[in-house]
Amino acid sequence: MCNTFTNQFIANEKNHAFLKATMMGPNAMRISEELASYLTITKEMRILDLACGMGLSALFLTQQYGATVFAADLWISPTENYERFKSVGIADRAIPVSVDATKGLPFAHGYFDILFTVDGYHYFGDTEEMLPSLIPFVKKGGYIAIAIPGLHYEFGENVPDEMKPWWNEPEIARTIRGLDWWKDLWRKTSGIEIVDIREMACHKQAWDEWLTGYIPEAAEDIPMMEAENGKYFNTIQLIARVI
(Lines give C-alpha, C1' and ligand atoms only; values in the text may rest on other atoms or scores of the structure.)
Protein backbone atom coordinates (compact mmCIF):
# COMPACT_ATOMS: atom_id res chain seq x y z
CA MET A 1 0.00 0.00 0.00
CA CYS A 2 1.49 3.34 -1.11
CA ASN A 3 0.32 6.15 1.15
CA THR A 4 1.04 8.93 -1.33
CA PHE A 5 -1.08 11.63 0.33
CA THR A 6 0.19 10.92 3.85
CA ASN A 7 3.82 10.70 2.78
CA GLN A 8 3.61 13.97 0.88
CA PHE A 9 1.75 15.67 3.71
CA ILE A 10 4.27 14.82 6.42
CA ALA A 11 7.23 15.64 4.18
CA ASN A 12 6.37 19.27 4.92
CA GLU A 13 7.78 20.31 8.31
CA LYS A 14 4.75 22.41 9.25
CA ASN A 15 2.37 19.60 8.32
CA HIS A 16 4.45 17.09 10.25
CA ALA A 17 4.17 19.29 13.35
CA PHE A 18 0.39 19.44 12.83
CA LEU A 19 0.24 15.66 12.57
CA LYS A 20 2.16 15.17 15.81
CA ALA A 21 -0.08 17.68 17.59
CA THR A 22 -3.30 15.96 16.50
CA MET A 23 -2.59 12.22 16.63
CA MET A 24 -4.54 10.46 19.38
CA GLY A 25 -3.29 6.98 18.53
CA PRO A 26 -1.81 5.15 15.55
CA ASN A 27 -1.57 7.62 12.66
CA ALA A 28 -5.22 8.10 11.65
CA MET A 29 -4.30 9.85 8.40
CA ARG A 30 -2.26 6.90 7.18
CA ILE A 31 -4.93 4.42 8.23
CA SER A 32 -7.64 6.56 6.60
CA GLU A 33 -5.75 6.60 3.33
CA GLU A 34 -5.50 2.83 3.18
CA LEU A 35 -9.12 2.33 4.22
CA ALA A 36 -10.37 4.88 1.67
CA SER A 37 -8.43 3.15 -1.11
CA TYR A 38 -10.99 0.33 -0.93
CA LEU A 39 -13.87 2.75 -1.52
CA THR A 40 -14.98 4.95 -4.40
CA ILE A 41 -15.20 8.49 -3.02
CA THR A 42 -16.21 11.58 -5.00
CA LYS A 43 -16.55 15.26 -4.15
CA GLU A 44 -20.35 15.01 -4.33
CA MET A 45 -20.49 12.66 -1.36
CA ARG A 46 -21.42 13.31 2.25
CA ILE A 47 -19.32 11.32 4.69
CA LEU A 48 -19.90 10.85 8.41
CA ASP A 49 -16.46 10.67 10.00
CA LEU A 50 -17.51 9.13 13.29
CA ALA A 51 -15.10 9.33 16.24
CA CYS A 52 -12.97 11.74 14.20
CA GLY A 53 -10.75 12.81 17.09
CA MET A 54 -8.82 15.95 16.20
CA GLY A 55 -9.67 15.61 12.54
CA LEU A 56 -6.81 13.88 10.74
CA SER A 57 -9.25 11.61 8.91
CA ALA A 58 -11.49 14.57 8.03
CA LEU A 59 -8.49 16.50 6.73
CA PHE A 60 -7.54 13.58 4.49
CA LEU A 61 -11.06 12.98 3.16
CA THR A 62 -11.68 16.64 2.34
CA GLN A 63 -8.29 17.36 0.81
CA GLN A 64 -7.87 14.14 -1.13
CA TYR A 65 -11.43 13.78 -2.42
CA GLY A 66 -13.14 17.13 -1.90
CA ALA A 67 -16.02 15.39 -0.12
CA THR A 68 -18.18 17.05 2.51
CA VAL A 69 -17.32 15.51 5.87
CA PHE A 70 -19.30 15.68 9.09
CA ALA A 71 -16.55 15.31 11.68
CA ALA A 72 -18.26 13.84 14.74
CA ASP A 73 -16.63 13.14 18.07
CA LEU A 74 -17.56 12.72 21.73
CA TRP A 75 -14.29 13.75 23.36
CA ILE A 76 -13.13 16.67 21.19
CA SER A 77 -15.33 19.76 21.15
CA PRO A 78 -16.75 21.01 17.83
CA THR A 79 -15.38 24.48 18.57
CA GLU A 80 -11.87 23.14 19.00
CA ASN A 81 -12.13 21.17 15.77
CA TYR A 82 -13.64 24.14 13.92
CA GLU A 83 -10.66 26.30 14.83
CA ARG A 84 -8.35 23.48 13.76
CA PHE A 85 -10.21 23.03 10.47
CA LYS A 86 -9.94 26.75 9.76
CA SER A 87 -6.20 26.63 10.37
CA VAL A 88 -5.73 24.02 7.63
CA GLY A 89 -8.27 25.45 5.21
CA ILE A 90 -10.97 22.77 5.32
CA ALA A 91 -13.69 24.54 7.34
CA ASP A 92 -15.85 24.88 4.21
CA ARG A 93 -16.04 21.09 3.80
CA ALA A 94 -15.53 19.70 7.32
CA ILE A 95 -18.48 20.29 9.65
CA PRO A 96 -17.60 19.63 13.31
CA VAL A 97 -20.32 18.12 15.50
CA SER A 98 -20.57 16.60 18.97
CA VAL A 99 -21.96 13.06 18.94
CA ASP A 100 -22.30 10.19 21.37
CA ALA A 101 -22.93 7.25 19.06
CA THR A 102 -24.29 5.15 21.92
CA LYS A 103 -27.16 7.61 22.37
CA GLY A 104 -28.18 7.89 18.71
CA LEU A 105 -27.09 10.08 15.81
CA PRO A 106 -28.66 13.53 15.17
CA PHE A 107 -28.94 13.12 11.40
CA ALA A 108 -31.57 12.25 8.82
CA HIS A 109 -31.90 8.65 7.74
CA GLY A 110 -30.19 7.95 4.42
CA TYR A 111 -28.19 11.17 4.66
CA PHE A 112 -24.66 9.81 4.18
CA ASP A 113 -22.96 8.05 1.31
CA ILE A 114 -20.31 6.63 3.64
CA LEU A 115 -19.94 6.17 7.38
CA PHE A 116 -16.19 6.22 7.98
CA THR A 117 -14.50 5.66 11.32
CA VAL A 118 -10.83 5.18 12.22
CA ASP A 119 -9.24 4.29 15.58
CA GLY A 120 -12.45 4.73 17.56
CA TYR A 121 -15.20 2.24 16.69
CA HIS A 122 -13.89 -0.49 18.99
CA TYR A 123 -14.69 1.68 22.03
CA PHE A 124 -18.42 1.73 21.34
CA GLY A 125 -19.11 -0.72 18.50
CA ASP A 126 -18.50 -4.03 20.25
CA THR A 127 -22.18 -4.79 20.88
CA GLU A 128 -24.78 -6.45 18.66
CA GLU A 129 -26.91 -3.30 18.87
CA MET A 130 -24.45 -0.69 17.60
CA LEU A 131 -24.05 -1.55 13.92
CA PRO A 132 -27.83 -1.89 13.33
CA SER A 133 -28.31 1.53 14.97
CA LEU A 134 -25.93 3.14 12.44
CA ILE A 135 -27.15 1.53 9.22
CA PRO A 136 -30.26 3.73 8.77
CA PHE A 137 -28.12 6.86 8.39
CA VAL A 138 -26.36 5.50 5.29
CA LYS A 139 -27.98 5.48 1.85
CA LYS A 140 -28.90 2.19 0.23
CA GLY A 141 -25.83 1.18 -1.71
CA GLY A 142 -23.62 3.26 0.56
CA TYR A 143 -20.85 1.93 2.74
CA ILE A 144 -19.83 1.59 6.36
CA ALA A 145 -16.04 1.46 6.62
CA ILE A 146 -14.09 1.14 9.85
CA ALA A 147 -10.50 0.59 10.90
CA ILE A 148 -9.64 -0.47 14.43
CA PRO A 149 -6.77 -1.92 16.44
CA GLY A 150 -7.13 -5.67 16.82
CA LEU A 151 -5.48 -9.06 17.25
CA HIS A 152 -4.34 -11.77 14.89
CA TYR A 153 -6.38 -14.17 17.04
CA GLU A 154 -8.51 -14.10 20.17
CA PHE A 155 -6.61 -14.69 23.39
CA GLY A 156 -9.56 -16.11 25.28
CA GLU A 157 -8.32 -17.56 28.55
CA ASN A 158 -4.81 -18.00 27.16
CA VAL A 159 -3.47 -14.48 27.41
CA PRO A 160 0.26 -14.52 26.62
CA ASP A 161 2.34 -13.87 29.70
CA GLU A 162 3.92 -10.73 28.26
CA MET A 163 0.48 -9.22 27.58
CA LYS A 164 -1.14 -10.01 30.94
CA PRO A 165 -0.25 -6.66 32.56
CA TRP A 166 -2.38 -4.88 29.97
CA TRP A 167 -5.15 -7.47 29.72
CA ASN A 168 -5.88 -6.79 33.38
CA GLU A 169 -7.32 -3.49 32.14
CA PRO A 170 -11.00 -4.24 31.39
CA GLU A 171 -11.24 -1.74 28.52
CA ILE A 172 -8.30 -3.22 26.63
CA ALA A 173 -9.53 -6.78 27.09
CA ARG A 174 -13.02 -5.71 25.94
CA THR A 175 -12.09 -3.61 22.93
CA ILE A 176 -9.02 -5.26 21.36
CA ARG A 177 -10.45 -8.30 19.62
CA GLY A 178 -9.53 -10.66 16.79
CA LEU A 179 -10.50 -10.28 13.14
CA ASP A 180 -12.76 -13.34 13.26
CA TRP A 181 -14.50 -11.98 16.35
CA TRP A 182 -15.44 -8.81 14.48
CA LYS A 183 -16.44 -10.79 11.39
CA ASP A 184 -18.80 -12.93 13.47
CA LEU A 185 -20.29 -9.84 15.13
CA TRP A 186 -21.00 -8.09 11.82
CA ARG A 187 -22.43 -11.25 10.24
CA LYS A 188 -25.22 -11.15 12.83
CA THR A 189 -26.47 -7.87 11.37
CA SER A 190 -29.11 -7.72 8.65
CA GLY A 191 -29.30 -4.87 6.16
CA ILE A 192 -25.65 -5.03 5.12
CA GLU A 193 -23.41 -7.08 2.88
CA ILE A 194 -19.85 -7.48 4.14
CA VAL A 195 -17.56 -6.75 1.22
CA ASP A 196 -14.12 -6.68 2.85
CA ILE A 197 -12.47 -7.70 6.10
CA ARG A 198 -8.68 -7.78 6.32
CA GLU A 199 -5.58 -6.93 8.29
CA MET A 200 -4.26 -3.58 7.13
CA ALA A 201 -0.84 -3.20 5.53
CA CYS A 202 -0.11 0.13 7.26
CA HIS A 203 -0.38 -1.29 10.79
CA LYS A 204 3.28 -1.13 11.77
CA GLN A 205 3.99 2.22 10.17
CA ALA A 206 0.93 3.87 11.70
CA TRP A 207 1.89 2.61 15.15
CA ASP A 208 5.55 3.57 14.73
CA GLU A 209 4.53 7.12 13.82
CA TRP A 210 2.44 7.31 16.98
CA LEU A 211 5.05 5.84 19.29
CA THR A 212 7.99 7.83 17.93
CA GLY A 213 6.17 11.13 17.48
CA TYR A 214 7.37 12.62 20.77
CA ILE A 215 3.78 12.82 21.96
CA PRO A 216 3.47 12.50 25.76
CA GLU A 217 0.24 10.52 25.48
CA ALA A 218 2.05 7.84 23.48
CA ALA A 219 4.40 7.03 26.36
CA GLU A 220 1.95 4.70 28.08
CA ASP A 221 1.60 2.60 24.90
CA ILE A 222 5.34 2.12 24.40
CA PRO A 223 5.88 -0.63 27.02
CA MET A 224 2.83 -2.53 25.74
CA MET A 225 4.02 -2.43 22.13
CA GLU A 226 7.56 -3.38 23.14
CA ALA A 227 6.18 -6.41 24.98
CA GLU A 228 3.94 -7.30 22.04
CA ASN A 229 6.91 -7.01 19.64
CA GLY A 230 4.85 -7.53 16.49
CA LYS A 231 3.47 -10.92 17.53
CA TYR A 232 -0.17 -10.30 18.37
CA PHE A 233 -1.56 -6.93 17.28
CA ASN A 234 -2.90 -5.88 13.91
CA THR A 235 -5.13 -3.19 12.48
CA ILE A 236 -8.42 -4.48 11.11
CA GLN A 237 -10.57 -2.94 8.40
CA LEU A 238 -14.20 -3.88 7.88
CA ILE A 239 -16.28 -2.59 4.97
CA ALA A 240 -19.96 -3.33 4.45
CA ARG A 241 -22.44 -2.15 1.84
CA VAL A 242 -25.91 -1.11 2.95
CA ILE A 243 -28.56 -3.14 1.09
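Does D119 count as buried or exposed, going by its relative accessibility? At 18% relative accessibility, D119 counts as buried (buried is under 20% relative accessible area, exposed over 50%, partly exposed in between, with a 1.4 Å probe and protein chains only).

Some ground rules before the rest. This is a predicted model, where local features need pLDDT of at least 70 and side-chain atom pairs count only at pLDDT 80 or more, while totals for chains, interfaces and linings use all residues. Residues are numbered from 1 along each chain as its sequence is written, and side-chain values use heavy atoms, with hydrogens and water left out.

1. Overall make-up. The chain has twelve helices and seven strands (DSSP runs numbered from the N terminus: H or I of at least four residues for helices, E of at least two for strands). Its radius of gyration is 17 Å, close to the 18 Å that the globule rule gives for 243 residues, so the chain is as compact as a globular protein of that length (the radius is taken over C-alpha atoms, and the rule is 2.2 Å times the number of residues to the power 0.38). Along the principal axes, the C-alpha atoms fill a box of roughly 50 × 45 × 30 Å.

2. Of the 243 residues, 53% are buried. The chain exposes about 11300 Å², with carbon and sulfur atoms supplying 50% of that (Shrake-Rupley areas with a 1.4 Å probe; for residues, only the protein chains shown count as cover). Among contacts with a separation of 6 or more, 78% come from residues 24 or more positions apart (contact means heavy atoms within 4.5 Å).

3. Helix 1 against helix 3. Helix 1 (residues 4-11) and helix 3 (residues 28-36) pack at about 155°, axes 8 Å apart (axes are lines fitted to C-alpha atoms, for helices over the stretch in contact, and angles run from 0 to 180 degrees between N-to-C directions). That makes helix 1 roughly antiparallel to helix 3 (under 35 degrees is roughly parallel, over 145 roughly antiparallel, 65 to 115 roughly perpendicular, the rest oblique). T4, F5, T6, N7, F9 and I10 of helix 1 meet M29, R30 and E33 of helix 3.

4. Helix 1 against helix 2. Helix 2 (residues 13-22) packs on helix 1 at about 105°, with the axes 5 Å apart. The two are therefore roughly perpendicular to each other. From helix 1 the contact uses F9, I10 and A11, and from helix 2 E13, N15, H16, F18 and L19.

5. Phi angles to look at. Most residues other than glycine have a negative phi. A51, not a glycine, has a positive phi of about 60°; it sits in the loop between strand 1 (46-50) and helix 4 (56-65). D119 is another non-glycine with a positive phi, near 70°, and its loop runs between strand 4 (112-118) and helix 6 (121-124).

6. D196. This residue lies in strand 6 (residues 192-199) and counts as buried at 13% relative accessibility. Neighbours within four places in sequence aside, D196 contacts Y38, Q237, L238 and I239. Y38 is 158 residues away along the chain, yet the C-alpha atoms of D196 and Y38 are separated by 8.6 Å.

7. Y111. Look in the loop between strand 3 (94-98) and strand 4 for this one. Y111 is partly exposed, at 26% relative accessible area. Leaving out neighbours within four places in sequence, Y111 touches R46, F70, F137 and K139.
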